[in-house]
Amino acid sequence: MNRVLPTAFLSAVFACISYQSKAQGCVAIRSTGAPSCMLSHPEEEAPGKSSDKWIFNTGARYFKSYKHFKGAEEQKDRVLNGTEVINHQTALDFSLTRLLDKHWSIMVDVPLLMNARSSLYEHGLVNGVNNYNQRHSMHSYGLGDIRVAVYRWLLDPEKHKLGNIQVGLGIKFATGDYDYKDYWYNVGPNGTKELRTVDQSIQLGDGGTGLTVELNAYQYFSRHFGVYGNFYYLINPREQNGTRTYRETLSPALANEAISSVPDQYMARGGINYMAHNISASLGARIEGIPVHDLVGGSGDFRRPGYVLSLEPTISYTMKKSSIYLGVPIALRRDRLQSVTDKERSTPTNKVNGDAAFADYTINLGFSIRL
């Protein structure tokens, strides 16, 4: 059994490293960094004798969102009519973890984001009518919101090598630009372009300093089979960041959505893991999203609350001190919930529910090395 522990352990590592939260289409679930999940467990050497004190991880995530939903109902006419919003989003995370002792570790994560957004309605739409019917793109590139977190194993890792529970507490800093600008076309006099803030979904940050809480766990029952689970929540006390959305210029009915909200976000996942030699494969369910109401502070202004429920297959390959992994969450249910401002605009005979574009799947690819 001891010979499979290093591989079993790193399988659990990558089962949870791949959960780093990112934007999911127009529901802006931004990068808040890869967790330092299951990284302070003794590896191949005797308990307490490991010389590995650092772990470096780099991960990439890409998706294309274009399918629009109001609630859980897909607005298929958007694609058929060519009016859909298309987001291409890529994120690179670089995290470094310091193993303090067998229980404690500390992690810092630095995300870099590259986004492109193609639409019709932001380039000439006035009161619901696009006067130019031209599709244009906006882009954003740069540093995202940096996160620092501290983790502790609840059980003694030397005595519980096949299963353990880890808790984490972190701070997410407002280092990403939340007022990034690019050109909106056909919005100025005589159809000229103007430099305006890009949509909330491709902003590099949310403008809030937040608190993150995490719970990570794994348990192996034999040489081959185990289970894993992860939970993550970002608490953003700030209600709005002052960034203008220009939604009030699209329609007077959107006046209460003129400023960007600073929403909370969450993620939960769990599943089974199969390990054989240096290869590990896992299959589980994953849900991530933005709530309608924050735990702390107000929830007004403009946000697109919603969630994605996915089936998440992952495979990883472990070498002596490094590992690579690939995960592809496939969306099973996408739901754009009513926001606070949607509810304010609703009447007993007219339910207002904004829409959001979601991806069919996401590609997560990463590499980790112990130093």
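1. Ground rules. The model is predicted, so local features need pLDDT of at least 70 and side-chain atom pairs count only at pLDDT 80 or more, while totals for chains, interfaces and linings use all residues. Residues are numbered from 1 along each chain as its sequence is written, and side-chain values use heavy atoms, with hydrogens and water left out.

2. Aromatic pairs. Searching the whole structure gives five aromatic pairs. Rings of Phe, Tyr and Trp (its six-membered ring) pair if their centres lie within 6.5 Å; planes under 30 degrees apart are stacked, over 60 edge-to-face, and the rest tilted. Take Phe69 and Phe358. Their ring centres are 5.7 Å apart and their planes stand at 80°, so this pair is edge-to-face. Phe69 belongs to strand β1 (residues 54-70) and Phe358 to strand β21 (residues 356-359), so the pair ties together parts 289 residues apart in sequence. Strands here are DSSP runs (E, at least two residues), numbered from the N terminus.

3. Burial of that pair. Buried means under 20% relative accessible area, exposed over 50%, and partly exposed in between (1.4 Å probe, protein chains only). Phe69 has 5% relative accessibility, so it counts as buried. Phe358 is buried too, at 0%.

4. A second pair. The rings of Trp153 and Tyr218 have centres 6.2 Å apart and planes at 75°, so they are edge-to-face. This pair links distant parts of the chain: Trp153 is in strand β8 (residues 147-153) and Tyr218 in strand β12 (residues 210-220), 65 residues apart. Both Trp153 and Tyr218 are buried. Ring pairs also join Trp153, Tyr218 and Tyr220 in a cluster.

5. Charges over rings. The test is that NZ of Lys or CZ of Arg lies within 6 Å of the ring centre and within 35 degrees of the ring normal. Lys64 lies over the face of Tyr66, 5.1 Å from the ring centre. Lys193 has its charged end over the ring of Tyr183, 4.4 Å from the centre.

6. Ser118. This residue is in strand β4 (residues 104-119). Ser118 is buried, with a relative accessible area of 12%. What joins the side chains of Ser118 and Arg135? A polar contact of 3.0 Å. Such a contact is a pair of N or O atoms within 3.5 Å; within protein, one must be able to donate a hydrogen and the other to accept it, and residues adjacent in sequence count only if both atoms are side-chain atoms.

7. Val328. Find Val328 in the loop between β19 (322-327) and β20 (330-336). Val328 is partly exposed, at 24% relative accessible area.

Conventions
Helix = DSSP H or I, 4+ residues; strand = E, 2+ residues; numbered from the N terminus.
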